[in-house]
Amino acid sequence: MPYLDHAATTPMLPEAIAAMTEQLGLVGNASALHAAGRRARRTVEEGRERIAAALGARPGEVVFTSGGTEADNLAVKGLYWARRDADPRRVRVLACPVEHHAVLDPVHWLADHEGAVVEWLPVDTVGRVHPDALREAIERDPDDVALVTVMWANNEIGTVQPVAELAAVAARHGIPLHSDAVQAFGQIPVDFAASGVAALTVSGHKVGGPPGIGALLLGRDWTPTPVLHGGGQERDVRSGTLDVPAVAGFAAAADLAAARREEFARDIGTLRDELIDAVRTAVPDAVLNGDPDPAGRLPANANFAFPGCEGDSLLLLLDAAGIECSTGSACTAGIAQPSHVVLATGADPDLARGTLRFSLGHTSVREDVKALAEVIGPAVERARGAGLS
Amino acid sequence: MTPAPRLRVLAAMSGGVDSAVAAARAAEAGHDVTGVHLALSANPQSFRTGARGCCTIEDSRDARRAADVIGIPFYIWDMAERFRAEVVDDFVAEYRAGRTPNPCLRCNEKIKFAALLDKALALGFDAVCTGHYATIVTGPDGRRELHRASDQAKDQSYVLGVLDERQLGHALFPLGDTLTTKDEIRAEAERRGLAVAAKPDSHDICFIADGDTRGFLANRLGTAEGDILDEDGNRVGSHDGATGFTIGQRKGLRIGRPAPDGRPRYVLDISPVNNTVTVGPAEALEIAELTAIRPRWCGTPPTGPGAYTAQLRAHGEEVPVTAEAEGDELRVRFERPVRGVAPGQAVVLYDGTRVVGSGTIAATTRARAGATG
């Protein structure tokens, strides 16, 4: 069954499974002082070091969370609260409209419940934020900005943001920039220290680690107000007994994601280009969403709008034909909605309803692309017959 | 006997036990089944509200769980806009005009076996499967016929009386042959591991979640106090909006003064224009004849007058009639007078167990004197 939905989740790497299962039979709370605790702590701290090394961070900058969503919430809400509490003028949140819901919804929540004034940074037709736009937004009143949040690369259309440049603009005014790098990690270079961001989100299961664990890389200068209060296990900004097996699995996967990144990007980028060609051959009027320049998009991402089709209809037809893909990141159990990402790039709303994301990963092979090439043409034709309801 | 052909079937799954068992039976019969839950109403009690305005909660989750257990793909299709335009707006407009509509027939005609069926066919499906209790048999001439369910007590052919031959040709009702009680359907659901086995039955009108039809209508049509009159035009009480009443209704009239003869009074007529409700004794409800519009035939339309039985309400009894189609009208004469026939409701004609067709009741002729409706 061709699996073209690696951006949703990708199979665990055997090394990660081995590292994790080795831990599952062992006891030990990493906060305990006895031998079992010390052993668990050693595993956690080694994992922390490996993840830090994979991302250009120091071990003390790695805050483990339950996943990307929690890390995003901690960064966005926590930095907002801390910055506003330090200076009540700081209520402006500068955010990018193509963010994942794990960032968008906390931002909306801050506006609805915490008095935040949200300003959506303009994006161009590929969904990219330009440093000048951020500079303009900040310089209107640098003193009232609580934080900036711009993802490293987009989960739906793969557009890579100029994060280091944006972070430099924010840093000039002492403003923290958070970046959700869940999709970028393992595909393009992500170097926490070099980027200059204050906080950065990564997730285990997107890089071949287990689901249920992620991390917020957090510069030592920043102390967000906690979202979860409790034992204060992670630098007092995140509480909860650490999941030692998950840390071990995540660390093994993070290691490999960094070590294999260049080779992976090259091979998977070639396969992705073949996929784009195949779709365009079968459906000449398919519109590639996102940056057509490979340098500006994730190597494993392809996202198309199919004019006259409902994304949901295509999904059903492809599923029936054995192809597993997705319409984007919208709520998984819900009603098809036009993609907010594609809409934000200025696309026609009808076009935004007919988008499909094909995302490749470490198990992808040429046969997957061939299988898609065979069925996408007839599926689009049929979906067009069903129209837009 | 040759095995039934393997069909690509789209199973409409409401999240209830009947449609879940129907889908399971269709899959077990060897069909290639895909489940779909229709998101039909922006009802705050059944939908999560929020910026995204999506995700039905309980029902769609139940339907999805059932589909997962059966082992079939499952999708949610948003037909709320179509449903509002074709069913809810029509429902309100009918009440505004003083009639009593049946939204289930309307939904079957315009949504399940139109919008849904058309989309299903376009996507390559052969049939739509629902949890209705009715049977489809192939008649002596090879045509598909709609019949009452094997178990008359559960029969739902009345709400399907609007389906034409083409629609029937693409319909699958796996529960129609069930000679079992509802408890046994629940037991079957449980045996199949379907968690909806113990779920309570849904309300009659799915888009009025609390069952308060009058409150629903009052919200949309407003309330205006008006008079309740007797047959001679004397004021005998007041109401707060004529549109919530139904012909034949006895309860909720709140008439303080008893009738001179001391017998109960019923709603005989509703006049939204004057905002009046006319009440009278039970005999005044008796009608001898009715005219229905928008006839729909489940097969070839009959020619000339014929003897049939008619059903006038979802759970109503069957009465002998003579019926004749005249152009866009259907005239039905009752062998014996019947009571409480509300314009807007459907009259469904049967020939034995076979559904012949249906029409929307437009006017009735009283058995005693004068016309009403």
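Predicted model: local features only at pLDDT ≥ 70, side-chain atom pairs only at ≥ 80, totals over all residues.
Apart from neighbours within four places in sequence, B:Asp18 is in contact with B:Gly131, B:Leu175 and B:Ile185.

B:Gly16 sits in the loop between β1 (8–12) and α1 (17–28) of chain B. B:Gly16 is also buried, with 21 other C-beta atoms within 10 Å. Its contacts, again leaving aside neighbours within four places in sequence, are B:Gly131, B:Val196, B:Lys199 and B:Ser202.

Chain B as a whole contains seven helices and 18 strands. Its radius of gyration is 22 Å, close to the 21 Å given by the globule rule for 373 residues, so chain B is as compact as a globular protein of that length. The C-alpha trace spans about 65 × 55 × 35 Å along the principal axes of chain B. Of the 373 residues in chain B, 46% are buried. Among contacts in chain B with a separation of 6 or more, 64% join residues 24 or more positions apart.

Chain A is divided into domain 1 (14–259) and domain 2 (261–386), with C-alpha centres 28 Å apart. Domain 1 of chain A contributes 24 residues to the contact and domain 2 of chain A contributes 23. On the domain 1 side, these residues comprise 11 nonpolar, 12 polar and one charged.

How values were computed: Residues numbered from 1 in each chain as written. Chains lettered and ligands numbered in written order. Helix = DSSP H or I, 4+ residues; strand = E, 2+ residues; numbered from the N terminus. Rg over C-alpha atoms; globule rule 2.2 N^0.38 Å. Buried ≥ 20, exposed ≤ 12 C-beta atoms within 10 Å, placed from the backbone. Contact = placed C-beta atoms within 7 Å. Domains from an automatic or database assignment. Nonpolar A, V, L, I, M, F, W, Y, C, P; charged D, E, K, R; others polar.
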